[in-house]
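Welcome! Take a look at the sequence and the model first.

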Amino acid sequence: MTDRDLTLLEVEALARAAHEGQTDKAGRPYAEHLAAVAEGVRLRGGTPEQQAAAWLHDAIEDDALTPAWLESAALPDGVKAMVRALTKIPGEPVEEYAARVLATPGALLVKEADLAHNADPARLAGLEGPTRDRLSAKYAYVRSLLGLPTP
C-alpha cells in the first residue's frame, strides 16, 4: 500500500462502519468475522494488501459498500482485484467462483482464512444442526475446489 492509499487501520474502520448493524448466521456482529479473517491472513503471512482485502472481502456481496465505491477507493489495484474475486455473484456456479479466486493473485490466502473462520467448530456450534451440516459440506467442497487441505 502506498502513501496515497488508505492505511490498513483506515480500511478496518471503514469495513467496521460499513457492516455496522449486520450480524452473521449465529447473530454475532459481522465485524467479528472480518477481524478473524484479517487476523487469519496476518497469521498466514499475508501482506497488508491481503489483510485489507480480508477486511473488505464481503463488503460488496453484503451490500455494505458498492462496486462503484470499490472502483473509486484509494486502494491498490491488487486489493480491488482480490475483493472483486472474493465477491460471489448471484447465481454463479461455485466452480466459477473458485476458478476466479485461484486466478487472482493473493485471493487464495484470504479465502483460506475466510473458510477457516467459517468452518470453525466453535462458530458452527451456534447454528442449528441442518444449517451447520449444510454449511460444513459447502465449505469442504469449496476447499476441495481451491486445493486446500481439510482442516
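## Before we start

For the packing described here, axes are lines fitted to C-alpha atoms, for helices over the stretch in contact, and angles run from 0 to 180 degrees between N-to-C directions. Please keep in mind that this is a predicted model.

Two packed helices are described by the angle between their axes and the distance between the axes.

## Helix 2 with helix 7

Let's begin with helix 2, residues 30-43, and helix 7, residues 107-118: their axes lie 8 Å apart, at an angle of about 130°. Helix 2 and helix 7 are therefore oblique to each other, and helix 2 passes helix 7 in a right-handed crossing.

From helix 2, the residues in this contact are Glu32, His33, Ala36, Val37, Gly40 and Val41, and they meet Leu109, Val110, Ala113, Asp114, His117 and Asn118 of helix 7. By class, the contact has six nonpolar, four polar and two charged residues.

## Helix 6 with helix 7

Helix 7 also packs with helix 6, residues 94-103, at an angle of about 125° and with the axes 7 Å apart. This pair is therefore oblique too. Tyr97, Val101 and Leu102 from helix 6 make the contact with Ala107, Leu108 and Lys111 from helix 7. The classes here are five nonpolar, no polar and one charged.

## Helix 7 with helix 9

How do helix 7 and helix 9 cross? Their axes come within 10 Å and cross at roughly 160°. Angles over 145 degrees count as roughly antiparallel, and helix 7 and helix 9 are therefore roughly antiparallel to each other. Helix 7 passes helix 9 in a left-handed crossing.

On the helix 7 side, the contact involves Leu108, Lys111, Glu112, Leu115, Ala116 and Asn118, which meet Tyr139, Val142, Arg143 and Leu146 in helix 9. These residues divide into six nonpolar, one polar and three charged.

## The largest pocket

Now for the largest pocket, with a volume of about 340 Å³. It is lined by 21 residues, and those closest to its centre are Lys25, Tyr30, Asn118, Arg123 and Tyr139. Sorted by class, the lining has nine nonpolar, two polar and 10 charged residues.

Which helices each supply at least two residues of this lining? They are helix 2, helix 7, helix 8 (121-124) and helix 9 (129-146). Asn118, one of the residues closest to the centre of the pocket, also takes part in the contact of helix 7 with helix 2 and in that of helix 7 with helix 9.

Definitions and conventions. Residues are numbered from 1 along each chain as its sequence is written. This is a predicted model: local features need pLDDT of at least 70, side-chain atom pairs count only at pLDDT 80 or more; totals for chains, interfaces and linings use all residues. Side-chain values use heavy atoms; hydrogens and water are left out. Helices (H or I, at least four residues) and strands (E, at least two) are DSSP runs, numbered from the N terminus. Angles under 35 degrees count as roughly parallel, over 145 as roughly antiparallel, 65 to 115 as roughly perpendicular and the rest as oblique. A crossing is left-handed if the near helix is turned anticlockwise from the far one by less than a right angle, and right-handed if clockwise. Contact means heavy atoms within 4.5 Å. Ala, Val, Leu, Ile, Met, Phe, Trp, Tyr, Cys and Pro count as nonpolar, Asp, Glu, Lys and Arg as charged, and the others, Gly among them, as polar. On a 1 Å grid over the protein atoms alone, a cavity is a set of points where a 1.4 Å probe fits but cannot get out, and a pocket is an open set with protein on both sides within 12 Å along at least five of seven lines; lining residues have an atom within 4 Å of a point. Grid points are joined across faces, edges and corners, and a volume is the space filled by probe spheres set on the points.
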